[in-house]
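Trainee: I have a model open and would like to go through it with you. Can you take my questions as they come?

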Amino acid sequence: MYVAVKGGERAIENAHAWLAEERRGNTDIAELSIAQIREQLKLAVNRVMAEGSLYDPDLAALAIKQARGDLIEAIFLIRAYRTTLPRFGTSRPVDTAAMACDRRISATFKDLPGGQILGPTFDYTHRLLDFKLAADGEIPDAPLREPEPGDVPHVTEFLNREGLIEDAPNDETPPPDLTREPLEMPADRALRLQALTRADEGFALGLAYSTQRGYARNHAFVGELRIGTVPVEMEIPELGFAIEIGEVTLTECETVNQFTGSKTEPAQFTRGYGLVFGQTERKAISMALVDRALRWEELGEDFEGAPAQDAEFVLYHADNIQATGFLEHIKLPHYVDFQSELELVRKLRREAEASQLQEAAE
Amino acid sequence: MEGALDRNIPRKTWMGLLAKAPEGRVAALLDATTARPGFTWLRAPEIGSAMIRGRAGGTGAPFNLGEVTVTRCALTLESGEIGHAYIQGRRKADAEAAAVVDALMQTEAADKLRQSVLEPLASEMTEAKSERAAKAAATKVDFFTMVRGED
Amino acid sequence: MQAETLSGGFATPAVEAARAFRSVMEAMARPGTIHDIRGAEPPAPLSPAAGAVLLTLCDAETPIYLAGAADCDAVRSWLAFHTGAPAAGPSHCMFAVGSWDALSPLSDYPVGTSEYPDRSATLVVECPGLASSGAALKGPGIKESAFLSLPEVQAFRKNRALFPLGVDFIFTNSSRVAALPRSTEVS
């Protein structure tokens, strides 16, 4: 049964007005500008761009402001905006080997060419609240040092030369795009990587952690983690050649995993891969671990029933906008559904009472 | 001078420079150099997106990483040259300035524009990049062995 | 690249594409009806109507097959600039444009799959004329019967037999458009 009701318009309008007021908060306090959010809450902006699947720091900052800091709500706004944009084309695959690195570390090789570059990391901070930040303060300039010229090679290249790690051969198959076609199983790796790079960070983190604790044992080392900028190059049909249209910050994580070999493959290291918009290190590492766990079939490993190995489970539950949409819809009016449930429970109780009375009488 | 550009700078290179310039910078340099020529739109500035691709493992099969906002436009100068712009972000005024420079670079004004628009852009970008690279280099770890244990 | 091959797009894309879309939709929803469609000035041999249809429906994700005389430099560059649509052969296209003879045979085009019947081609057929007379049409969107000057009958009957698979047709001439969805019975 379906019953259409009206009557909430004024309440909704008034709720919107109050929401706007609450968003602004106490007007004695200066209002946040988009530029302030973009510059000073950069990691929140990065998360919104990564999971919103749209690289535009100003828009992500606006979304965060409008969503009152609720990042999933902000991601929702970005996803909705993204659908209104005509797509002009597709970039050439970005060349992460040519990244201008802000950070580049390896947990597997101490003395690697290019060196261990820590970058602006939280890693060695003491996680003590810094009360100086509560007051406005000048910050000292970061020290400078003459950089070494040239690109920084990928760590996996060294292992690859010895044949100790599986190859990632070049291939020009056009990848599927889950923003244009519905997600279908089985999902190839390209589709899985797209789903993972825009997956909810918390969900990806939880799954990745489960693989470390033994659900799909794959002992991972961070072969390399790099953060920096790469140019985005796109073929322009009317020009007949490709041009750089801009530059994006990316985080790339490549894990090196033990692999004892299979019936067809000798023992060697295998790889998990994470690539995410912005400085988004936790997400990129999580992505690489989950990517590796999902590759059990192509590597001839056993399915151990672990959640992170189950592509259908991972891919259908990784998107926080789908998840929150379905989850939150149950708070919206379900009056008619519930009426029928209510009737059913009453009826069952009446029947049970009647049969008890009858038993007592007999 | 560092960042001095070849007289035969390819169009691909200058279009890339124009696209990566900070907001408002191309317009400022252009207007300081010359009065803007008359033109008609072949395609008025419009905002859209481009899908960015990565490669599995950095070198393998491509996959779709996510989109980036892009502004593009195309115009014809009164003298007939066609200028195009494709630039990251939602920046219609910047796209217009970039397309005007692209068109003018195909005219006799090319030398002047190369010197007073493209070269400053290139050197400013190189400078910004080297400063960032220098900050990164300052965080490079210099290992030294304390004790090599053998017991 | 010449300015001529780049001009002739919609002057105000949002407004003109919306109008052109309305014309195509009306034509498709009511087979046999003929509608005005304007705003595009494509290079020869494309008609303004075919140009407007392609500007409205095509983008970088819709490969176009240019059949026969339509497959020329001027048309290719014009479509590349205004729609970004890649060129494709008949078996991989989402749209095809050309004269009936150039587009035939229909067996080359994708007709969709049972899960996704929409993954099929739409053929933009350039016609020497368009009139509400000729072949009799019946089916969804037609109250009793309608008529349309089709280039033939047999091919459309074979296409109808594939329903829900099959290709759809848009007929163009000068600044006018008509259409024939796969659901229409032709006799």
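Trainee: How many residues of domain 1 of chain A are in contact with domain 2 of chain A?

Mentor: Eight residues of domain 1 touch twelve residues of domain 2 in chain A, where contact means that the C-beta atoms, placed from the backbone, lie within 7 Å. Keep in mind that this is a predicted model, in which local features need pLDDT of at least 70, side-chain atom pairs count only at pLDDT 80 or more, and totals for chains, interfaces and linings use all residues. Residues are numbered from 1 along each chain as its sequence is written, while chains are lettered from A and ligands numbered from 1 in the order in which they are written.

Trainee: Which helix gives the most to the domain 1 side?

Mentor: Helix H3 (residues 42-52) of chain A, with six residues. Helices (H or I, at least four residues) and strands (E, at least two) are DSSP runs, numbered from the N terminus. The domain 1 side that touches domain 2 of chain A splits into four nonpolar, two polar and two charged residues. Here Ala, Val, Leu, Ile, Met, Phe, Trp, Tyr, Cys and Pro count as nonpolar, Asp, Glu, Lys and Arg as charged, and the others, Gly among them, as polar.

Trainee: And where do the two domains run in chain A?

Mentor: Domain 1 covers 9-82 and domain 2 covers 96-119 + 150-318; the bounds come from an automatic or database domain assignment. Their C-alpha centres lie 30 Å apart.

Trainee: What radius of gyration does chain A have?

Mentor: Chain A has 26 Å, whereas a compact globule of 362 residues would have a value near 21 Å. The radius is taken over C-alpha atoms, and the globule rule is 2.2 Å times the number of residues to the power 0.38. The C-alpha atoms of chain A fill a box of roughly 90 × 65 × 55 Å along the principal axes.

Trainee: Switching to sheets. Which strands form the open antiparallel sheet in chain A?

Mentor: Four strands, in the order E3-E4-E5-E6. Two strands pair if DSSP finds at least two bridges between them. E3 and E6 of chain A are at the edges with a single partner strand each, so one side of each has no neighbour in the sheet. Neighbouring strands are turned by 25 degrees against each other on average, direction ignored; axes are lines fitted to C-alpha atoms, for helices over the stretch in contact, and angles run from 0 to 180 degrees between N-to-C directions.

Trainee: How many bridges join E4(A) to E5(A)?

Mentor: There are 16. In that strand E5(A), Phe241(A) stands opposite Ile236(A).

Trainee: How many residues does each chain give to the contact of A with B?

Mentor: Chain A gives 64 residues and chain B gives 48. E5(A) supplies the largest share of the chain A side, nine residues. That side divides into 32 nonpolar, 14 polar and 18 charged residues.

Trainee: Which strand of chain B is joined to E1(A)?

Mentor: Strand E2 (residues 62-77) of chain B, through two bridges, and the two strands run parallel. Glu67(B) is the bridge partner of Leu54(A).

Trainee: Last one, chain C. What is the strand order in the six-stranded sheet?

Mentor: E1-E8-E7-E4-E3-E2, an open sheet with mixed pairing. Strands E1 (35-36) and E2 (64-66) of chain C are at the edges, each with a single partner strand, so one side of each lacks a neighbour in the sheet. Five bridges join E3 (residues 95-99) to E4 (residues 122-126) of chain C, in parallel.

Terms used. Contact = placed C-beta atoms within 7 Å.
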